[in-house]
Amino acid sequence: MSQDIRKLMQDAYRYFYDDGLVELAIGGLFVIIAAAMLAMKLFVLDTPYAWLMGVILPLLLLALTFGVKRLLGTLKERVTYRRTGYVRYRDQPTRGRWIIIAASFALAVISLVLKPEWSRHMSIYEGGILAIILFYMGHRVRLGRLYGLAVFALLAGIGAALAGLDDLTGSLATFGLIGLALLISGGLTLARYLHSNPPADPLEA
Amino acid sequence: MTVIDADHEAAWPDLNDVDKLIHEPARLAIMAILSVLDSADFLYLQRSAGLTKGNLSSHLSRLEEAGYVAIDKTFDGKIPRTLCRLTDEGRESFNRYTAQMKGLFERLP
């Protein structure tokens, strides 16, 4: 029996990330967003319908976020809960999360107002904001690989900016790279999880 | 009497007040896990606390009898699921227990 009470509590917090499904879901979301940006760039940007991008991208993001949440729930039911058990988390106060997100956006807006020429490096902001969110997630559950992904997100944003890409290409490169990194990290975590946790006897739950 | 002796004397009554039901390692593990969750099923508790089915079952029964844990039997499709959660009383007792233990060890020299 495990006697390390602190670790048991920490593991319960971390359990949501044990199977890598969260990273796979978010990574998939980012790759689809990048693909949508690429499609817009190739087929819509230089046409009279370019304004559609401003409508389609936010709608797509909303629909995907909703869809990913449902898909994640279904996958957890089928993959995780049957292997290592079901948990339901307590409603956590979301104030801290919103403060982090709002502060990141505020910082980005203030710096763009003070230094408008920095808007040429939009991908640094995108990578930076995603890095802060990933770092915050990692810090909450003390999960090393999320810190690593946060560093990668920042580097991807900086890399896309240094490459001298236009705004849209820089954004799609940033989202695409971060999405791929999340998919790889999630895929490896899921493979390890499935390998070490064969399905349990249904009667055990 | 030295300062250390006085501290020890003050600490002993607290130790006597410690909830013995929670103080048992397996039950403490179950309570600690459930304290950070809304609920967990039997399988999760068994795996993370590292207990056998029989052991977990018996400790859960003790905690349920004390009113610290509520157990609901539900179905996920055709699969039975035993959901356990801390009651308000259980959560309060666990918080009191951790505060007592922290207070106790803080006073050690």
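Is Asp38(B) buried, partly exposed or exposed? The answer is given in point 5, together with the partner of this residue.

1. The structure is a predicted model. Chain A contains 7 helices and 1 strand, and its elements follow the order α-α-α-β-α-α-α-α from the N terminus. Along the principal axes, the C-alpha atoms of this chain fill a box of roughly 60 × 35 × 30 Å. Of its 205 residues, 38% are buried. Among contacts in chain A with a separation of 6 or more, 78% are between residues 24 or more positions apart. The accessible surface of chain A amounts to about 11,800 Å², and carbon and sulfur atoms account for 70% of that area.

2. Make-up of chain B. Chain B has 6 helices and 3 strands, arranged along the sequence as α-α-α-β-α-α-β-β-α. Buried residues represent 47% of its 109 residues. For contacts with a separation of 6 or more, the share between residues 24 or more positions apart is 56% in chain B. The chain exposes about 5,700 Å², with 54% supplied by carbon and sulfur atoms.

3. Helix packing within chain B. Helix H3 (residues 25-35) and helix H5 (residues 53-65) of chain B have axes that come within 10 Å and cross at roughly 75 degrees. Angles of 65 to 115 degrees count as roughly perpendicular, and H3(B) and H5(B) are therefore roughly perpendicular to each other. On the H3(B) side the contact is made by Ala26(B), Arg27(B), Ile30(B) and Met31(B), and on the H5(B) side by Leu56(B), His59(B), Leu60(B), Arg62(B) and Leu63(B).

4. Helix packing between the chains. The axes of H3(A) and helix H4 (residues 42-49) of chain B come within 7 Å, with a crossing angle of roughly 55 degrees. H3(A) is accordingly oblique to H4(B). Tyr81(A), Arg82(A), Arg83(A) and Thr84(A) of H3(A) make this contact with Leu43(B), Tyr44(B) and Arg47(B) of H4(B).

5. A salt bridge between the chains. The side chains of Asp38(B) and Arg88(A) form a salt bridge with an N to O distance of 3.4 Å. This pair crosses from strand E1 (residues 37-41) of chain B, where Asp38(B) lies, to strand E1 (residues 87-89) of chain A, which holds Arg88(A). In reply to the opening question, Asp38(B) is partly exposed, because its relative accessible area is 27%. Arg88(A) is also partly exposed, at 40% relative accessibility.

6. The whole structure holds 8 salt bridges over all chains. In one of these, the side chains of Asp19(A) and Lys76(A) meet at 2.9 Å, N to O.

7. Arg81(B) forms a salt bridge with Asp41(B), and the closest N and O atoms are 3.9 Å apart. The two residues are 40 residues apart, Arg81(B) being in strand E3 (residues 79-86) and Asp41(B) in strand E1 of chain B. Arg81(B) and Asp41(B) are both buried. Through shared partners, salt bridges join Glu77(A), Asp41(B) and Arg81(B) into one network.

8. Gln10(A) belongs to helix H1 (residues 5-14) of chain A. With a relative accessibility of 21%, Gln10(A) counts as partly exposed; the cut-off for a buried residue is under 20%. Beyond its neighbours within four places in sequence, Gln10(A) is in contact with Arg140(A), Val141(A) and Arg142(A). Gln10(A) and Arg140(A) are 130 residues apart in sequence, with a C-alpha to C-alpha distance of 9.7 Å.

9. A nonpolar surface patch. Tyr49(A), Trp51(A), Val55(A), Ile56(A), Leu59(A) and Leu62(A) make a nonpolar surface patch of about 660 Å². One of these residues, Ile56(A), is located in helix H3 (residues 52-84) of chain A. Ile56(A) is partly exposed, its relative accessible area being 36%.

Notes: Residues are numbered from 1 along each chain as its sequence is written. Chains are lettered from A and ligands numbered from 1 in the order in which they are written. This is a predicted model: local features need pLDDT of at least 70, side-chain atom pairs count only at pLDDT 80 or more; totals for chains, interfaces and linings use all residues. Side-chain values use heavy atoms; hydrogens and water are left out. Patches are made of residues with over 30% relative accessible area and no salt bridge: like charges are joined within 9 Å, nonpolar side chains (Val, Leu, Ile, Met, Phe, Trp, Tyr) within 5 Å. Accessible areas come from the Shrake-Rupley method with a 1.4 Å probe; for residues, only the protein chains shown count as cover. A salt bridge is a side-chain nitrogen of Lys or Arg within 4 Å of a carboxyl oxygen of Asp or Glu. Helices (H or I, at least four residues) and strands (E, at least two) are DSSP runs, numbered from the N terminus. Buried means under 20% relative accessible area, exposed over 50%, partly exposed in between (1.4 Å probe, protein chains only). Axes are lines fitted to C-alpha atoms, for helices over the stretch in contact, and angles run from 0 to 180 degrees between N-to-C directions. Angles under 35 degrees count as roughly parallel, over 145 as roughly antiparallel, 65 to 115 as roughly perpendicular and the rest as oblique. Contact means heavy atoms within 4.5 Å.
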